[in-house]
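Q: I'm new to this one. Could you take me through the open sheet and the helices beside it, piece by piece?

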Amino acid sequence: MSHFVIRGGRRLEGEAGIQGAKNSVLPILAATLLTAGQVELRGCPRLRDVDASVRILEGLGCTTRWEEENTLVVDTGNLYGYAVSEALMREMRSSAIFLGAILARCGQAELSYPGGCELGPRPIDLHLSGLRDLGAEIDDAGGVLHCKASRLQGREVVLSLPSVGATENLMLAACGASGVTTIAGAAQEPEIVDLQNFLTACGARVSGAGTSTVSVEGGRPLHGCTYTIMPDRIVAATYLCAAVSAGGDIYLRRAREEHLSTVTAVLREAGCVIRSDERGIACTCRNRPAAVRPVRTAPYPGFPTDAQAILMASLLRCRGAVVFEENMFANRYRHVDELARMGADIRVSGRAAVVTGVKNLHGAPVRCTDLRGGAALCVAALAAEGETEVSEIGHIDRGYEDVARDLRNLGADIFRVEDENAEFTRR
Ligand code: EPZ
């Protein structure tokens, strides 16, 4: 398997550009199905999850092509299918996001139930109940979702949980519904605002994204457009945490602090000096981080669950102890045992984890357990004395275009050893 070799113990100095956001480009790729014609996505990150989404689009009859490194062109003019294979659904758990768009475009959809993932069960009950509210008939017996919607009818849909995926699925289905749909209790993540901006660029009438109520005026024909994907706030948070972990003075081009203010608030409390403007974020960390108040994950604008593991990794040598509370996913501490192999002192009890700062970390062979847990291992390895080998890095490739390249640009000693038959090789 491909792996990273990281030699820790050196401060970071340098500048890196932040890639397009994985959690924005995936729903936007699904949204291309609503347009007749060609969409040009700029700042599109080269990720395993993007490749999986491209395969889903091509399986439906769309054509795609990469122009330059990060421009993806999608043409849905010859779309003929409405079914997504089980293999493709299993490859990327968030492929459920295609359901609403396929239904809106084709009047029917056939997807197998997306499996759970490393983070625990990933139910889609809110997606299905919301689509049924809009008039979809969904038979979900036997692990396959058979969906029909001769006519989707706009109305108010109430989400009992601010689910990101359910909000996005309903926004896309609502574009194909007649009349106005109002999604109450919607998720407020910046990626939902990016989806609204993309749909608006295609001629849709969507408003309220970023608040708990999103409205969509359906039934409007949507055209292609050229759109630039927002920068990835979790990738930016990862590199800020790398500077906290190893110490350093870094600059992140394109990073937008307004998208990760709960994270930068904690990093300032830990002693970092962070300055930001419309072009990016500068972060200087001189000493071992101070302990911070309890970190509780919550839906946006709360502290992002996707940043929990990477923040934890950056505070392993803090002066004191830090309490984490993971409230979004049942199984999101799988990185803890791997961090312990590097000398971390972390105690987990249910949703809580207590990190007691240690003086030193040491390099060790560690294994990625999931996407953000894998990134956390890299963050910790930068502060560890000696060499760390991080294996199973296919998890990291799902969400980071080239974390070794970016960290090297920031001054880290990291390189990738490619397994000759790795199914996803760097370009
Ligand atoms: C999105 O997942 C992100 N993925 C996740 O990022 C992120 O952690 C999550 O939102 C929360 O911010 C993408 O955008 C592709 P949810 P999603 O629906 O949409 C429960 C990463 O690392 N729920 O907001 O699947 C669910 O179990 C990934 O980039 C239901 O109960 O998250 C969870 O506890 C990991 N029923 C909570 O809601 C449903 O129908 C939040 O899930 C849907 C969700």
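A: Here is a walk through the sheet, then the helices.

This is a predicted model, where local features need pLDDT of at least 70, side-chain atom pairs count only at pLDDT 80 or more, and totals for chains, interfaces and linings use all residues. Residues are numbered from 1 along each chain as its sequence is written, and side-chain values use heavy atoms, with hydrogens and water left out.

Start with the open sheet: its 4 strands come in the order E2-E17-E19-E18, with mixed pairing. Strands E2 (12–17) and E18 (273–277) sit at the edges, each pairing on one side only. From one strand to the next, the twist averages 10 degrees. (Strands are DSSP runs of E, at least two residues, and helices are runs of H or I, at least four, numbered from the N terminus; two strands pair if DSSP finds at least two bridges between them.)

Now look at E17 (residues 248–253) and E19 (residues 280–285): they run antiparallel, joined by 6 bridges. Gly 248 stands opposite Cys 285 in E19.

Helix H8 (residues 233–246) lies across E2, E17 and E19, at about 170 degrees to E17. Axes are lines fitted to C-alpha atoms, for helices over the stretch in contact, and angles run from 0 to 180 degrees between N-to-C directions.

H8 also packs with helix H9 (residues 261–269), at about 5 degrees and with axes 11 Å apart. The two helices are therefore roughly parallel to each other, a label for angles under 35 degrees. In this contact (heavy atoms within 4.5 Å), H8 brings Ala 237, Leu 240, Cys 241 and Val 244, while H9 brings Val 263, Thr 264 and Leu 267.

Definitions and conventions. Parallel < 35°, antiparallel > 145°, perpendicular 65-115°, else oblique.
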